[in-house]
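Thank you for sending this one over for a second look. My comments follow as numbered points, to be read beside the sequence and the structure.

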Amino acid sequence: MSTTANLGLEGVVAFETEIAEPDKEGSALRYRGVDIEELAGSVPFEQVWGLVVNESLERELPLPGPECRPVSRTGDARADLQATLPTLAPAWGIEQLVDIDADQAREDLARLSSATLSIVAQALRGDRPDVPHSEVTRGRTAAEQFLIRWRGEADEKQAKALDVYWVSAAEHGMNASTFTARIAASTGADCAAALASAVGTLSGPLHGGAPARVLPMLDAVAEVGDPDKYVADLLARGERIMGFGHRVYRAEDPRARVLKRTARELGSPRVDVAEGLERAAIAALREKYPDRPLETNVEFWGAVVLELAEVPAAITPALFACARTAGWSAHIVEQKLTGRLIRPSAVYTGPAERPLDSLR
Ligand code: COA
């Protein structure tokens, strides 16, 4: 019997989940059944974390205490987070998933997710002296405390922008980093190791989290002053319009809608240019690919919102990791409850059996 490999695993259903799965045709994303449109801007990230992980707004993410420090400050906050998380298991006596129950796993994950916010903020602060914890606790929400720990102060608008970004990026079904977290969890590893594995996976630019390419495009459109011409020239050169199209959604990415609303509400000076480009891009893409819906994705309006929070594009992966602790944690618990080791197969396509001597 011949077997062929499904190289990207597209369409392979490997899990059942009660957490979230994007509604591809309907352009909706719901966490435990609740639409992100309802959550973003009205429920703070820490409670959304509780909804995603514990199915309860009350069992929210505890705000970080003063105790946790990054083991390194390399200038790459994502790398510092990935290095620090595994060290917390021996330091805090976190046991392997195989030896604990789901409630203990939830507790460990809450502590580690909370630590993630603190580690990233401190790593972003670099060599500057730490902000005293008494200052940090002046912030009312996780986003405000994060900004104070990072920059010493939290502007209300910036905190709101960060909070909505975190809420919209908290969970997105079976993406690559979540898959990684589940694989690690399926071996019975401790929660810190499972989270660290996921952090490594999201560092790749193909995971998303690359709004770096969107802002230069908006600059160029503002300069040219004619979005239709800009888009036509770009497509004529065979280039892609950044922030449009999605592997999963066949309609508008619902996260783009939420982030666009936020950009407008918070008064981003980019909104007019961005809307002009969005209109021109969608029209041109519809004309060029009438059978292939290519709509706005999360990167486009995510870039505009993160700019409002004065987040440099290069550090988006670290901020993305803070948000996605919710989805990863929920999936780690769900995987633990299945008790099943993930172990797919491969088709061997290497050399036929041969003696060692044939290589000498
Ligand atoms: N601009 C111009 N053309 C695009 C396009 C875009 N943003 N997105 C897709 N297309 C075109 C492709 O060139 C391809 O055309 P072809 O058949 O003539 O080669 C066709 O649409 C199908 O594209 P495909 O790569 O199969 O779609 P996909 O579902 O695999 O890709 C993305 C999804 C996100 C990788 C893709 O839409 C893209 O590259 N977008 C721009 C980058 C981006 O925004 N990334 C962030 C994603 S969250």
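1. At the start of helix α14, a side-chain oxygen of N297 comes to within 2.9 Å of the backbone nitrogen of E299. Please keep in mind, here and below, that this is a predicted model, and that the distance between N297 and E299 is therefore a computed value within that model.

2. Helix α14 spans residues 298–308, and ten of its eleven residues are buried, which leaves the helix mostly covered. The buried set consists of V298, E299, F300, W301, G302, A303, V304, V305, L306 and L308, so that E299, whose backbone nitrogen faces the N297 contact, belongs to it under the cut-off of 20% relative accessible area.

3. Which helices are included in what covers the buried residues of α14? Among them are α7 (156–168), α10 (214–224) and α12 (254–265), together with α13 (271–288) and α15 (316–338). Just after α14, the backbone of E310 adopts a positive phi of about 55 degrees.

4. Turning to the ligand, 15 residues surround it, and the closest are R240, I241, G243, F244 and R292.

5. A polar side-chain atom of R240 lies 2.8 Å from an oxygen atom of the ligand, while a backbone N or O atom of G243 is 2.7 Å from a ligand oxygen. For F244, a polar backbone atom is placed 2.8 Å from a nitrogen atom of the ligand. The protein covers 66% of the 860 Å² of accessible area that the ligand has on its own.

Definitions and conventions:
Residues are numbered from 1 along each chain as its sequence is written. This is a predicted model: local features need pLDDT of at least 70, side-chain atom pairs count only at pLDDT 80 or more; totals for chains, interfaces and linings use all residues. Side-chain values use heavy atoms; hydrogens and water are left out. A residue is near a molecule or strand if one of its heavy atoms lies within 4 Å of it. A polar contact is a pair of N or O atoms within 3.5 Å; within protein, one must be able to donate a hydrogen and the other to accept it, and residues adjacent in sequence count only if both atoms are side-chain atoms. Accessible areas come from the Shrake-Rupley method with a 1.4 Å probe; for residues, only the protein chains shown count as cover. Buried means under 20% relative accessible area, exposed over 50%, partly exposed in between (1.4 Å probe, protein chains only). Helices (H or I, at least four residues) and strands (E, at least two) are DSSP runs, numbered from the N terminus. Contact means heavy atoms within 4.5 Å.
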